[in-house]
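I opened the notebook to go through one model, topic by topic. The entries below keep the order in which I looked things up.

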Amino acid sequence: MLAISGDKSLVAKLYRVPPGAAQRAKLEWMIAHPPSVPPGRGIGIAWPQDLLLDDAGGLAGILLPRVRDGLPLITAFNPKRRAAELPQFDRVRLLLAAQRLAEVVEAMHRAGYVIGDLNESNVLISPAAEVTLIDADSFQVRALRDAKVTTY
């Protein structure tokens with residue numbers, strides 16, 4: 001991820017291999033149809049905000065919200081890592097993080113999105129047990145266009 005000069009709330013994800021037309025259509029759908037996440041619940045999704053285009057108009061990457069204080073979820077799972085990196089993380093915070101993860105997954109399912117690669121590397125956790133899903137551009141998307149459903 002690359003920081004965006006002048007806007008500390010965003011980062012850029014640049015693709016090494018330019019995605020094809022289907023990936024671009026999927027990302028355009030996602031940007032236009034973000035899922036609703038309950039506000040103030042300590043949950044979030046690093047959802048694509050905009051496309052980054054090269055000089056020829058090809059898809060070069062996406063803009064995403066910056067996640068602050070996020071550590072991979074494995075940090076909370078592993079007792080040694082938890083003690084070293086999240087020393088205040090007690091059972092209450094573990095349960096709160098689990099509840100928040102369930103809530104964000106439920107919100108995604110309610111919105112019709114499928115998280116195909118839910119693992120401890122694609123979930124970030126903060127010291128306050130806030131949970132954020134990342135790698136959203138890999139989610140499965142069902143787009144409705146002209147009365148036809150396309151699954152990406």
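The entries go from the whole chain to its helices, then to ring pairs, a pocket and a few single residues.

**Entry 1. The chain as a whole**

I note at the outset that this is a predicted model. I counted secondary structure and got four helices and 10 strands. I then wrote down their order from the N terminus, which is β-β-α-β-β-β-β-α-α-α-β-β-β-β. Along the principal axes, the C-alpha atoms fill a box of roughly 50 × 35 × 25 Å. The protein chain has 152 residues, and buried residues make up 35% of them. Of the contacts between residues at least 6 apart, 60% join residues at least 24 apart.

**Entry 2. Helix 1**

I looked up helix 1, residues 21–32, which has 12 residues. From its first C-alpha to its last it reaches 17 Å, close to the 16 Å expected at 1.5 Å a residue. Which residues of helix 1 are buried? I found Ala 25, Lys 26, Leu 27, Trp 29 and Met 30. The cover over these buried residues includes strand 4, strand 5 and strand 9.

Ile 31 is also in helix 1, and I looked at it separately. Its relative accessible area is 25%, so I list Ile 31 as partly exposed. Leaving out residues up to four places away in sequence, Ile 31 touches Trp 47, Pro 48, Gln 49, Asp 50 and Leu 51.

**Entry 3. Helix 4**

Helix 4 has 20 residues, which at 1.5 Å a residue should span 28 Å. Its end C-alpha atoms are 28 Å apart, so the span agrees with the expectation. I listed the buried residues of helix 4 as Ala 97, Arg 100, Leu 101, Glu 103, Val 104, Val 105, Ala 107 and Met 108. What covers them includes strand 3, strand 7 and strand 8. Just after helix 4, I noted that Gly 112 has a positive phi of about 90°.

**Entry 4. Aromatic pairs**

How many aromatic pairs does the whole structure hold? My search returned two. One is Trp 47 with Tyr 113, edge-to-face, at 4.9 Å centre to centre and 70° between the planes. The two residues are 66 apart in the chain. Trp 47 sits in the loop between strand 3 (43–45) and strand 4 (50–53), and Tyr 113 in the loop between helix 4 (91–110) and strand 7 (123–125). Trp 47 and Tyr 113 are both buried.

The other pair is Trp 47 with Phe 139. Phe 139 is in the loop between strand 8 (131–133) and strand 9 (142–145), 92 residues from Trp 47. Phe 139 is buried, as is Trp 47. Taken together, ring pairs link Trp 47, Tyr 113 and Phe 139 into a cluster.

**Entry 5. The largest pocket**

I looked up the largest pocket and got a volume of about 180 Å³. Of its 13 lining residues, those closest to the centre are Met 1, Val 11, Ala 46, Leu 64 and Ile 134. Strand 2 (7–14) and strand 5 (59–65) are the elements that give two or more residues to the lining. By class, the lining has nine nonpolar, no polar and four charged residues.

Lys 13 is in strand 2. Beyond its neighbours up to four places away in sequence, Lys 13 touches Met 1, Ala 60, Gly 61, Ile 62, Leu 64, Asp 135 and Asp 137. Lys 13 and Lys 26 are 13 residues apart along the chain, and I found 16 Å between their C-alpha atoms.

I placed Asn 122 in the loop between helix 4 and strand 7. Is Asn 122 buried or exposed? Its relative accessibility is 10%, and buried means under 20%, so Asn 122 counts as buried. With residues up to four places away in sequence left out, Asn 122 touches Asp 117, Thr 132, Leu 133, Ile 134 and Asp 135.

How values were computed. Residues are numbered from 1 along each chain as its sequence is written. This is a predicted model: local features need pLDDT of at least 70, side-chain atom pairs count only at pLDDT 80 or more; totals for chains, interfaces and linings use all residues. Side-chain values use heavy atoms; hydrogens and water are left out. On a 1 Å grid over the protein atoms alone, a cavity is a set of points where a 1.4 Å probe fits but cannot get out, and a pocket is an open set with protein on both sides within 12 Å along at least five of seven lines; lining residues have an atom within 4 Å of a point. Grid points are joined across faces, edges and corners, and a volume is the space filled by probe spheres set on the points. Ala, Val, Leu, Ile, Met, Phe, Trp, Tyr, Cys and Pro count as nonpolar, Asp, Glu, Lys and Arg as charged, and the others, Gly among them, as polar. Rings of Phe, Tyr and Trp (its six-membered ring) pair if their centres lie within 6.5 Å; planes under 30 degrees apart count as stacked, over 60 as edge-to-face and the rest as tilted. Buried means under 20% relative accessible area, exposed over 50%, partly exposed in between (1.4 Å probe, protein chains only). The expected span of a helix is 1.5 Å times one less than its number of residues. Contact means heavy atoms within 4.5 Å.
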